[in-house]
Amino acid sequence: MSKAKPAARTSALEGVRVIDFSWIVAGPQCTRILADFGADVIKIENDANMDYIRASNPVPGSDSPNRSPLFNTLNRNKRSLTLNVMHPQGMELLKTLIKKSDVIVENFSSRVLEKWGLGYEEQKKLNPKIIYCSMSGFGHSGRDRDFVTWGPTAQALSGLTYMSGLPGEESAGWGFSYMDHTGGFYGALAIMMALINRNKTGKGQHLDLSQVEAGIGLTGTSVLDYTVNKRPFRREGMPPGNRAPDQKIAPHNTYPCKGEDRWCVIAVTNDDEWESLLDVLGNPAWSSDPRFSTMESRLINQDDLDEFISQWTINLTPLEVFDILQKAGVPAGAVQTPMERSEIDPQLKHRGFIAEVEHAELGNTKVESIPMKMSETPWQLNRASPLFGEHSAEIYMDLLGLDPEELGTLYEEGIA
Amino acid sequence: MNTHAPQTPPNRTDGALEGITVIELCGARGHFMGKLMGDMGARVIKIEPMGGVSERQIGPFIDDEPHPDRSLFFWSHNTSKESLEINIETSEGQRVINLLATTADVILEDFAPGYLPSLGLGYRDLSKHNERLVMTSLTAFGQDGPYKDYKSPDIVALAMGGIMHSCGYDDLPGSPPIRPSGDHGNKIASHYGLIGTLAALFNRDFSGRGQYIDASAHEACNSTTEHALPTYLYNGATVFRQTGRHHAAAPTAKTLCKTSDGKYLIVFQLFNNLYSWRALVGWMADAGMAEDLEEEKYKDMARGGSRGMRMATDTTDLDHAMEVVRRFIAAHTSDEIYRGAQNLKFPWGQVRSPEENLDDPHFSEDRQMFSEISHPELGDGVSFKYVGRPYRFTESPWDAFRPPLVGEHTRSILIEDLGYSTSDLETLISKNVIS
């Protein structure tokens, strides 16, 4: 990449160009982060291989592939290029693009780029500085490398699904593809580490990510309990529901609130917070019972304790519990609904968390921000998710140097 | 202060973050950031209060003996760091942090907003003599706003962030939303805090200047709920939680299937494509359990692929097919179904407990996903298997070393890095700045 003059820099990843073959959620989550920081992310699709998420819960109105809410959220700030790499000329154009790029990201199963004749060794011949990030389910080596994952698969295999639930019941698991989000985080982390490293060494490399392994990486404490203490997580009484047996603190749970299926959480981590909680509750008679006099005894008697606390929470809304307790210094929260998060939460409003951007087909759309403020290079919302092929012409002509006639031929022959 | 010879970090030259020095002032919300940086070659100095950070009191412990140097919770989040045990509420302690910041690249901290500035350790103070400094403050709710002073342990972050709203049961009446265990609210926060930190480090290579990053667990969790917000914002619908599978605004088929050995698999995308469907039905027919699934109408559904399946308005056939598959699965072991289905390109997964991956040779042998880490402080030749690298770099590999004992490096850092003398240290001890 070219070194920009310091004064001209407004984005952290300015000057970084990313070839993005990724699709569904995990890969696009990764490249969304790069795009939010100002990298030029070129999302490559073609008619036969459209990002599947374009068809996810489309906003009614037409059959267009540009109406998916999740797609819009995941792909803002990127450019869309239609390119058929199965066509020899399409492959040549891709190779030219690789020479002009810094990063290649894909989350296909593990042999796809090799089958294209574009494994890392080939990429390196075209551009020794290229950073190739492959985000497969099981990695690019090992006996099960051809196995495939979606988010739920990676969550199940890594142990995360099992770790979520009430003891003695089936797994509650994760209600969404947590490991698509987190797999994307690890892709972005790895790419930025490799970019920082390349600033020193001048060399690119292959980053071989496995979605299951990223999940395993989040289970460190449980694995150590097994390797050190021979105590498996799969045992009676586990998973711990909403309690905190390792921290040995109580109360720590969900509590029912006013309204249908409404809940709050309360987590008392020390005696001061306990005293504050009792003050808020008006020091009821039960609270002077010796069963609740110390953290240890509260832990032993937490079933009864939770029952007493529920008698208080049931008359309040989750946000009332949150407000009252937090103002008294007691950690508590509302199990917030999507409506509360996007329309009520005054903190998210204050921080500008829900951002707005104009989309050519959907009009004014709302997306969640990247969750941080940077003093020198804040993220920018420059454009909504790209329409299918929206930037093909500018990329073919401005970046790859084709003239309008050549571009026309590409379209005619089904290459673009 | 630990007076034994401290563990010397391995002399690496190939880590991706080699040459970057990080000062970490973090507890449970942010300590994973420092670990991830240390494991990739950064030098991470963890600042701990006298007696060590409170995460050292969280279990499980080795042999269930509570002790600051025996917490496995601490271990799993603090590999590849040095420990400097110092009271930063003293002027001498603040001087040490100021000195370290002069040459550091990164400060990571997760205190309440305003705390470090009140000690003269805010970004403005610490960057005064180091314009290249990157500082990341990872708080519960951010540095400003109506909630900024509120507390947010993990379960609060997961509740307020909307994650718990999506996790739980649809077939257990009256059951609460579930907090997935494993400190994930803090981990999501740490992942984003580190993402910002790395972006700032990359930018610094060109701008020559560091910057301040104000990141919050609340926003991090709120941006990590997949369909929940888009479905509300665009379709005006609210997703609800379902047992062991995705949230949705309309009920979807159950994906948890029990096997003959009493374990569970996640089973979905039955009609992903015709090739897989035919192979699955063939497999079931060989076992005499295909029932009526060889009928043409199911092939038509598979031809439509996932998109066709979603378009289907009548789910009777889908539900029936799933029940037949469920019966087939119930007659086989978890391993048989997992391996058999994956060989047919179905993305089905076993619901494993974390330790069960130690027995999967793909991860434990071929991929070396678990890493043996030496603990000589517990005896000659003592080592334990840790969860290893979450990514495989061909040129700048992951490598971790043992988490530090409380104050293990206080002496070496003060003397070797900052030029304090032995008598300076004695003075600091007498003033209870260090121990």
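This is a predicted model: local features need pLDDT of at least 70, side-chain atom pairs count only at pLDDT 80 or more; totals for chains, interfaces and linings use all residues.

Mentor: Residues are numbered from 1 along each chain as its sequence is written, while chains are lettered from A and ligands numbered from 1 in the order in which they are written.

Trainee: What is the mean pLDDT of chain B?

Mentor: The model as a whole scores ipTM 0.98 and pTM 0.97. pLDDT is the predictor's confidence in each residue, from 0 to 100. In chain B 97% of the residues reach 70 or more, and the mean is 95.

Trainee: Which helix of chain B gives the largest share of the side that touches chain A?

Mentor: Taking contact to be C-beta atoms, placed from the backbone, within 7 Å, 127 residues of chain B are in contact with 126 residues of chain A. Helices here are DSSP runs of H or I with at least four residues, strands are runs of E with at least two, and both are numbered from the N terminus. The largest share of that side of chain B, 15 residues, comes from helix α7 (residues 184-207).

Trainee: Which strands stand at the edges of the open sheet of seven strands, and why is one side of each left without a neighbour?

Mentor: The order of this sheet, which has mixed pairing, is β3(A)-β2(A)-β1(A)-β4(A)-β5(A)-β6(A)-β14(B). Each edge strand has a single partner strand, so one side of it lacks a neighbour in the sheet; these strands are β3 (79-82) of chain A and β14 (392-393) of chain B.

Trainee: Which residues touch the most other members of the largest nonpolar core?

Mentor: A nonpolar core is a set of buried Ala, Val, Leu, Ile, Met, Phe, Trp, Tyr and Cys residues joined through C-beta atoms within 7 Å. A residue is buried if 20 or more other C-beta atoms lie within 10 Å of its own, exposed if 12 or fewer, and partly exposed in between, with C-beta atoms placed from the backbone. Helix α7 (residues 178-201) of chain A gives the largest share of this core, 13 residues. Of its 227 residues, those that touch the most other members are Cys133(A), Leu189(A), Ile191(A) and Cys264(A).

Trainee: Why does Lys248(A) count as partly exposed, and which residues does it touch?

Mentor: Lys248(A) is found in the loop between α9 (220-229) and β7 (252-256) of chain A. It counts as partly exposed because it has 15 C-beta neighbours inside 10 Å. Residues up to four places away in sequence not counted, Lys248(A) touches Leu299(A) and Gly59(B).

Terms used: Two residues are in contact if their C-beta atoms, placed from the backbone, lie within 7 Å. Two strands pair if DSSP finds at least two bridges between them.
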